[in-house]
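Have a look at the structure first, then we'll go through the site piece by piece.

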Amino acid sequence: MGDSLLGTDLFRLDDLLTDEQKLVRRSVRKLVDEEFLPVVQQHFRAGTFPTELAPKLGEMGLLGMNLQGYGCPGTDNVTYGIAMQELERGDSGLRSFCSVQGALAMYPIWAFGSEEQKERFLPGMAAGKVIGCFGLTEPDHGSDPAGMKTRARKDGDHYVLNGTKLWITNGTTADVAVVWAKTDDGGAESVRGYLVEKGMPGFEAREIHGKVSLRASLTAELSFHDVRVPAANVLPKVEGLRGPLMCLNQARYGIAWGATGAHLACFEAARDYSLSRIQFGKPIASFQMTQEKLVAIYTELVKAQLVNLRLGQLKDLDQQTYVQISFAKRNNVRVALEAARLAREILGANGITDDYPVIRHMVNLESVYTYEGTHDIHTLILGKELTGISAF
Ligand code: TGC
Ligand code: FAD
């Protein structure tokens with residue numbers, strides 16, 4: 001099996017990878033196995049994230065991986081996807097940390113920021129020394145961000161920000177929050193991105209407690225009460241909902257690969273368990289019903305890998321569409337969640353303890369199913385593509 005996909009590479013996708021891509025997969029897998037998996041149970045139980053890993057993630061080029069310049073590694077998109085897959089093989093919280101940092105906080109600065117903003121924030125963020133978060137969702141506006149209430153009012157050379165953002169990953173540890181707000185500056189109201197820095201008076205981040213999913217990830221509520229954000233902190237090169245949605249394309253792409261990593265972990269755990277667990281005098285893997293479940297998990301895993309690689313190739317040619325990304329996010333998360341449920345069943349009572357990774361992945365995937373566009377929203381994006389009719 002070597003460093004291949006643990007015996008799941010039925011269609012020899014590895015033949016299409018470069019040595020460099022396989023090397024990245026091996027080194028991220030090693031990091032996850034040696035430095036993350038030994039501590040994930042403790043973090044999942046405590047509801048904490050090992051933020052101290054951030055500089056290591058930076059050193060390994062896992063933050064803002066597919067961005068060029070400003071200290072970012074500038075890898076191709078297949079390499080970026082492979083890394084996300086390996087991170088989420090560890091835990092969705094670990095991939096989330098890197099997705100939010102790279103795709104949702106660094107990408108908007110990189111794509112829409114001024115030269116000064118890029119030079120000021122990106123090198124530290126790529127190194128894992130400056131943490132970012134992304135504030136789009138609000139208490140009353142999740143799937144429909146166009147209805148957001150957060151407002152920025154121009155006042156001299158500042159904008160005064162008021163509003164609340166909810167469910168913000170990395171919110172309590174972030175040094176800089178990319179906050180999307182409406183402003184009527186210069187005529188019609190439009191959405192702009194604001195770089196809100198930790199410590200700005202009126203800005204508060206409160207941790208959300210009581211999560212049963214994605215426990216090894218920090219999630220916050222951000223509130224803004226007359227926060228004076230310098231005009232120099234407004235992202236100058238984008239206006240409208242297209243801005244945050246372009247960031248989501250980057251992150252959803254990573255999630256499509258990441259969910260396949262969680263899927264892979266569940267497959268591996270279920271197959272190993274079924275071979276070693278003896279009932280009625282034989283391994284449970286010898287029962288036809290167990291084999292049917294393993295084959296169901298495996299089939300969707302193999303298909304998801306094909307989707308990811310082709311999508312990555314198209315992204316490297318800059319020919320991907322957001323409909324393809326919705327397809328991949330929607331499909332791969334759903335099949336990973338179904339696989340996790342089947343794997344949990346194969347593990348019997350052991351399937352409900354966090355001594356095995358399966359139930360942790362299963363409950364995590366419930367969040368992944370909802371964030372970055374719920375399953376239903378991606379269904380409607382695809383439905384619109386097929387019919388030409390928007391059913392939002
Ligand atoms: P609509 O009128 O369709 O579009 C508004 C403008 O945006 C353009 N557009 C896109 N551009 C780039 N990428 C996309 N995917 C785009 N989708 C639409 C569109 O062409 C239009 O441009 P323009 O220039 O004509 O103005 O907008 P709508 O209000 O009808 O909404 C569309 C909808 C529902 C698909 C969208 O709002 C949506 O995707 N909603 C889901 C919200 C969401 O995904 N939130 C995620 C928050 S972040 C998060 O969850 C992080 S989890 C982090 C972790 O990994 O831990
Ligand atoms: P709602 O939009 O209220 O949806 C509730 C239900 O109604 C869903 O089943 C949905 O599919 C359905 N629904 C809604 N509209 C329609 C429709 N038109 N047709 C059919 N069904 C519909 N957001 C950020 O901005 N930044 C983050 O870092 C971030 N991190 C997150 C981390 C976690 C752990 C979680 C759980 C969420 C995070 N989110 C973040 C928020 C996430 O993006 C939202 O939860 C998501 O977009 C859905 O919004 P909502 O929860 O308000 O659900």
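Which atom of ligand 2 is 2.7 Å from an N or O atom in the side chain of Asp 376? It's an oxygen atom of the ligand that pairs up with Asp 376 at that distance. Keep in mind that this is a predicted model, and that ligand 2 sits in its largest pocket.

**Polar contacts**
- Thr 169 brings in a polar side-chain atom, which lies 2.9 Å from a nitrogen atom of ligand 2.
- Leu 136 uses its backbone instead: a polar atom there is 3.0 Å from an oxygen atom of the ligand.
- On its own, ligand 2 has 970 Å² of accessible area, and the protein covers 67% of that.

**Who's in the shell**
- There are 17 residues around ligand 2, and the ones that come nearest are Thr 137, Ser 143, Trp 167, Thr 374 and Asp 376.

**Where the shell comes from**
- Strand 5 is the top contributor, giving three residues.
- Why does ligand 2 count as lying between domain 2 (132–239) and domain 3 (242–387)? Both domains give residues to the shell around ligand 2, so the ligand lies between them.

Technical notes: Residues are numbered from 1 along each chain as its sequence is written. Chains are lettered from A and ligands numbered from 1 in the order in which they are written. This is a predicted model: local features need pLDDT of at least 70, side-chain atom pairs count only at pLDDT 80 or more; totals for chains, interfaces and linings use all residues. Side-chain values use heavy atoms; hydrogens and water are left out. A residue is near a molecule or strand if one of its heavy atoms lies within 4 Å of it. A polar contact is a pair of N or O atoms within 3.5 Å; within protein, one must be able to donate a hydrogen and the other to accept it, and residues adjacent in sequence count only if both atoms are side-chain atoms. Accessible areas come from the Shrake-Rupley method with a 1.4 Å probe; for residues, only the protein chains shown count as cover. On a 1 Å grid over the protein atoms alone, a cavity is a set of points where a 1.4 Å probe fits but cannot get out, and a pocket is an open set with protein on both sides within 12 Å along at least five of seven lines; lining residues have an atom within 4 Å of a point. A molecule sits in a cavity or pocket if more than half of its atoms lie within 2 Å of its grid points. Helices (H or I, at least four residues) and strands (E, at least two) are DSSP runs, numbered from the N terminus. Domain bounds come from an automatic or database domain assignment.
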